[in-house]
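Subject: The structure we talked about

Hello,

Here is the structure, with the sequence alongside. My notes on what turned up in it follow below.

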Amino acid sequence: MSGVKRLKTRLQAILFRLQFEEQVNNVKPDVVSVTAACQELSESQTFAQLLQIILLVGNYMNSGSRNGKAFGFSISYLCKLRDTKSADQKQTLLHFLADVCQEQYPEVMGFPDELVHVEKASRVSAEMLQKSIEQMARQIKTLEKDLETFPPPQNDKDLFSEKIFVSTAREQQEKLQLMHNHMEEQYTGLGDYFVFDPRKMSVEEFFGDLNSFKNMFQQAVKENQKRRESEEKIKRAKLAREKADKEKEEKLKKNQLLDINAEGDETANHRRAGHAVTNLLAKELLQEDTPPAGFAKKKKMEQGSLLEGAGSLEELLDESLTRAN
């Protein structure tokens, strides 16, 4: 190996070639994600409408104060909507906004579907992207200088200068640089659209806030759904309990009415039995025609036997009641 000329330069160039494709694959998707996220935000009508609703609610809540007539707000404020709570501490301003949008502006609920690349863009560091692309440019430039001063091939098998692919690497690096420049232009335009300074708010911070808000909004929608289901369950249970209590009360009243009717029927039966006995005695005692002496005596003996056999008025009434029935 000591006989190989410029061995260190050769090894560094080979290592760069082995790692170059990996570097491109690490940088290119991030550049594409940020560029796409910028375009999605600029073109999303539902997200713009949501921001209008938030601004309107904020001005209404701050009416009468110096913040009551605001023309806009910082994107970072979106993540603070969850910090404002209702008087009973059971609902946040974000839950209220989710309810309002779902009931009155259902088209706004689809804004997360229009911001597909925001999550990926939130994990991109623009500073690291810039450093990676600049490092690639420096490595290619160094390799080009080395090739300019590289000695002639030692033999027919020395194909280092032909296989090092420096021209292809330069082409890909320049393409990545153009894509990165376009990404920065898109992000600067986004700063003008949302009125923030791109130099003070990094790509990672901006899209990180947006992604957090998107996730919190979707979570608030789910929590509202669970709350409505719980309230509906409680309502159904209350109605079922009230219905059962009403049926129980009606059944109790019906049973009481049946008891009263039964008591009335029993009293009427006793009254009818008393009338039957009275009529029987009156008929036998008050005969219009006077019967013969022997017949009268015999009748009197039968009545006496009847009365003696009864034993008591209650027994007589019972016997008469049976006869009447």
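**What was found**

Alanine 137 is found in helix H6; helices here are DSSP runs of H or I with at least four residues, strands are runs of E with at least two, and both are numbered from the N terminus. This alanine 137 touches Arg170 and Gln173, leaving aside residues up to four places away in sequence, where a contact means heavy atoms within 4.5 Å. Alanine 137 and arginine 170 are 33 residues apart along the chain, yet their C-alpha atoms are separated by 7.6 Å. With a relative accessible area of 22%, alanine 137 is partly exposed. On that scale, buried is under 20%, exposed is over 50%, and partly exposed lies in between (1.4 Å probe, protein chains only).

Before going on, please note that this is a predicted model: local features need pLDDT of at least 70, side-chain atom pairs count only at pLDDT 80 or more, and totals for chains, interfaces and linings use all residues. Residues are numbered from 1 along each chain as its sequence is written, and side-chain values use heavy atoms, with hydrogens and water left out.

**Overall picture**

The protein chain has 11 helices and 0 strands. Of its 325 residues, 29% count as buried. Among contacts with a separation of 6 or more, 77% are between residues 24 or more positions apart.

**The core**

The largest nonpolar core has 54 residues, and Phe47, Phe206, Phe207 and Phe213 have the most contacts inside it. Such a core is a set of buried Ala, Val, Leu, Ile, Met, Phe, Trp, Tyr and Cys residues joined through side-chain atoms within 4.5 Å. Several helices each supply at least two residues of this core, including H1 (7-43), H6 (126-148) and H9 (203-285). H1 gives the largest share, 10 residues. What does phenylalanine 206 touch? Not counting residues up to four places away in sequence, its partners are Leu41, Ile75, Tyr187, Leu190, Phe194, Phe196 and Met201.

**Salt bridges**

The structure holds 9 salt bridges, each a side-chain nitrogen of Lys or Arg within 4 Å of a carboxyl oxygen of Asp or Glu. One of them joins the side chains of arginine 227 and aspartate 99 (2.8 Å, N to O). That pair links distant parts of the chain, with arginine 227 in helix H9 and aspartate 99 in helix H3, 128 residues apart. Aspartate 99 counts as buried at 11% relative accessibility, whereas arginine 227 is partly exposed at 28%.

Arginine 227 also forms a salt bridge with glutamate 231, their closest N and O atoms being 3.6 Å apart. Both lie in helix H9, 4 residues apart, about one turn of the helix. Through shared partners, salt bridges join Asp99, Arg227, Arg228 and Glu231 into one network.

Glutamate 127 is exposed, with a relative accessible area of 53%, and lysine 131 is partly exposed at 46%.

Valine 195 sits in the loop between H8 and H9. Its phi is near 60 degrees, a positive value in a residue other than glycine. Is valine 195 buried or exposed? Valine 195 is exposed, with a relative accessible area of 70%.

Best wishes
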